[in-house]
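Okay, everyone, thanks for coming. Let me put today's model up on the screen, and then I'll walk you through it.

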Amino acid sequence: MLSLSLNADPTAEEGTKSSHCEEIIREHLGVIFNNQPADKWREQVIAWTWKIKAALHLETELMATLCEKAEEEAIDVFARNLSALLMAAPAGARNTMGLDPGLRTGVKVAVVDNTGKLLDTATIYPHTGREAEAQLAIFSLIKQHNVELIAIGNGTASRETERFAKAVIKEIKENKPQTVVVSEAGASVYSASEFAANEFPNLDVSLRGAVSIARRLQDPLAELVKIEPKAIGVGQYQHDVNQSNLPVNSMR
């Protein structure tokens, strides 16, 4: 964990020099030391004023300013990354299969037509000893719906799922679909959203994510606008910054 502190008066730590900030306070108040009985007390009061009051307040204010600037930069990075993701080139109107990778819970499969309409869904378990069964299911869906693209989420077991999909494609002699790994950021948020519930009221929540993955390859902008920007997760610590600034600034 990084800990940051500010020292506004480094001369005070050298020992051989008087505190520059205490001298500023003394000059501001017009205090002159001339070997009077109260000089020692007044010197202690000035030192206390700087160390206990002014220095702490100044450090807090400076830290707040630095944090605010850091948040602004983080949100700017988030906005640029989000813009690049939203404006990514669409794959176009082609029948697409979406694979939401998983290990123990299985790989969720959804097939959409060239307009994004849901055609079919399935859950397969290629990583738990049922690979042959999973290959047959994927092969059948590809042939049945003339799948041209396979979108694979980049989450857990993404690489294993991509290898599995390519192994299935090798067995296809003609019209082989292409595999593309896409960001699945925000897919789970969309799956549990009211928007998804209205769109697919009878579809299991776990399968809605696969639909989103397929559609975001077809047209990233049309699909990602359904998700709140701060849930897409392409920024620097977006959950640690001022949340009220995210929806506005992230869409600049």
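**Contacts, sheet and a surface patch**

So, in the protein chain, 64% of the contacts with a separation of 6 or more are between residues 24 or more positions apart; contact means heavy atoms within 4.5 Å. Quick caveat: this is a predicted model, where local features need pLDDT of at least 70, side-chain atom pairs count only at pLDDT 80 or more, and totals for chains, interfaces and linings use all residues. Numbering starts from 1 along each chain as its sequence is written, and side-chain values use heavy atoms, with hydrogens and water left out.

The chain has 9 helices and 5 strands, which are DSSP runs numbered from the N terminus (helices H or I, at least four residues; strands E, at least two).

The 5 strands make an open, mixed sheet, ordered 3-2-1-4-5. Strand 3 (118-124) and strand 5 (178-182) sit at the edges with a single partner strand each, so one side of each has no neighbour in the sheet. Strands 1 (residues 96-100) and 2 (residues 107-112) pair antiparallel over 5 bridges; pairing takes at least two DSSP bridges. Met97, for one, has Val111 in strand 2 as its bridge partner.

Which residues make the nonpolar surface patch of about 310 Å²? Those are Trp48, Ile52 and Leu56. Patch residues have over 30% relative accessible area and no salt bridge, with nonpolar side chains joined within 5 Å and like charges within 9 Å; a salt bridge is a Lys or Arg side-chain nitrogen within 4 Å of an Asp or Glu carboxyl oxygen. Areas are Shrake-Rupley with a 1.4 Å probe, and for residues only the protein chains shown count as cover. Trp48 lies in helix 2 (residues 39-86).
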